[in-house]
Each structure stands twice: as C-alpha cells, then as structure tokens.
Amino acid sequence: MAAESLSARILRENDAVLGAMLNHRFVEDVKNDTLSKAAFERYLVYEGAFVDSAISIFAYAAATAKTMTQKRWLIAVLDALANEQITYFERTFASRRIDPSSFDTIAEVEAFRAGMLEIARQGGFLDTVAAMFAAEWMYWTWSKEAANRPISDPLLKEWVDLHVDPNFAAQAQWLKNELDMAGETLEEDEKARLSAIFGRAMQLEIDFHDAPYL
C-alpha cells in the first residue's frame, strides 16, 4: 500500500474544520444565489483588503523558497494577485460605488489578516504553503460546485469563476504538490506542525466568512 501523502494526511486530519468551512453560510448563500447585496459588498471590502495582504504573504514565500523553479512560480502568483485579482476589486468598487474606507475593520477580519501574515513572517516556506493551501484548496473546492449553479449577480459570478479558472486550479494543485514533495523527507513532528497550520488557517477562514453577516 502506498504511503499517505502529506496533503492527504492534512486533509484527513482537518476534515471537520474544512467541512465546516465548505458548509459555511456564506458558501451556501453563494451556491443558492441567496447572498444579500449588503453581505456581498461587505465581503468584497474585506476580501479585497486580504488579497492585498496575500501579496505580502506570497512575497514571504518567494523570499524563503529554496529553488529558482519555486521562485519563478511565486513571482507569477504575485503578478496574478496584483494585476488580476486586485484589478477585479478596483473595477467592482468603482462599478458599485463602494468606498472601502467607509467600512469598519471588525475583529474577525483583522484576526484573519494578522494571523495569516504571522504564519508567513514567523515561519518558513512550507508554513506559508500550508496556510495558503488551506485557503486556495477550500476556495477551489466549493467554487467548482457554485460555478455550475445560477448566480444572478454578474460580479459575484465573475468572482466564483475566477476560482475555477485553470490558472487558479493550477495554483491550488501546486501548493498541494509542494507539500507532498516535502512530505517525503519531513520528520513526523514537522508533518504534524504543518497540519496544525492548515487547521489554524481554516478556522481563521471560518471566522472571516462570518464577518459579512456581523
């Protein structure tokens, strides 16, 4: 029997918290086309701010990457964040006349931003990979189902479609593969630590997705 890959172990050990996020009210509202305009716009502001932070998070990953192949991949990720995802928020804020500065940053949103940045700052390359694997694998997983549902708001539909785009899928798979390759030589305590980082990041995601309703 083949040995369990590190990503499979992480997903197995964090099945409960991942399941809680995949069945979150926000996800269900998107899939059922029942997300309110107010909740979506609060989410846009909070998520737009986090994507800005994600640039810093992936920059830490690029700075701590071991190989040029990893660095080149991460440079492409940074380019996509800055020139595709951030651009989506800029266009959306303009079209909906949303002023992000008029929204208060609530505790759950700040905890998510600060918590994910702390993982990247305080940890190494694999710490960041584990945390962002949590975020991107989760988004890719539920967005695949949501993309096949009717979504009446074209900007929400665009956001969901972005997360099933082949480039985003490739990014989620790349994070998974990096964990699996590293897992072939990691000690048991390091594997357990990375699994715990995934779980911590997923709980931060749950709290963050509560925020649009608060």
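**Helix packing**

A: The axes of helix H6 (residues 107-122) and helix H10 (residues 188-210) come within 8 Å and cross at roughly 160°. Axes are lines fitted to C-alpha atoms, for helices over the stretch in contact, and angles run from 0 to 180 degrees between N-to-C directions. Helices are DSSP runs of H or I with at least four residues, numbered from the N terminus.

Q: What should I know about the model itself?
A: This is a predicted model, where local features need pLDDT of at least 70, side-chain atom pairs count only at pLDDT 80 or more, and totals for chains, interfaces and linings use all residues. Residues are numbered from 1 along each chain as its sequence is written, and side-chain values use heavy atoms, with hydrogens and water left out.

Q: Are H6 and H10 roughly parallel or antiparallel to each other?
A: H6 and H10 are roughly antiparallel. Angles under 35 degrees count as roughly parallel, over 145 as roughly antiparallel, 65 to 115 as roughly perpendicular and the rest as oblique.

Q: Which residues in H6 and H10 meet?
A: On the H6 side they are Glu108, Val109, Ala111, Phe112, Gly115, Met116, Glu118 and Ile119, and on the H10 side Ile197, Arg200, Ala201, Leu204, Glu205, Asp207 and Phe208. Contact means heavy atoms within 4.5 Å. By class, the residues of this contact are 9 nonpolar, 1 polar and 5 charged. Ala, Val, Leu, Ile, Met, Phe, Trp, Tyr, Cys and Pro count as nonpolar, Asp, Glu, Lys and Arg as charged, and the others, Gly among them, as polar.

Q: Ok, what about alanine 201, buried or exposed?
A: Alanine 201 counts as buried because its relative accessibility is 1%. Buried means under 20% relative accessible area, exposed over 50%, partly exposed in between (1.4 Å probe, protein chains only).

Q: What is alanine 201 in contact with, leaving aside neighbours within four places in sequence?
A: Met116, Ala131 and Ala134.

Q: New topic: at what angle do H2 and H10 pack?
A: Helix H2 (residues 15-22) and H10 pack at about 25°, with their axes 9 Å apart. H2 and H10 are therefore roughly parallel to each other.

Q: And which residues of H2 meet H10?
A: Val17, Leu18, Ala20 and Met21 do, and their partners in H10 include Gly199, Met202 and His209. The contact of H2 with H10 has 6 nonpolar, 3 polar and 1 charged residues.

Q: How many residues does H10 have?
A: H10 has 23 residues and reaches 34 Å from its first C-alpha to its last, close to the 33 Å expected at 1.5 Å a residue. The expected span is 1.5 Å times one less than the number of residues.

Key
Helix = DSSP H or I, 4+ residues; strand = E, 2+ residues; numbered from the N terminus.
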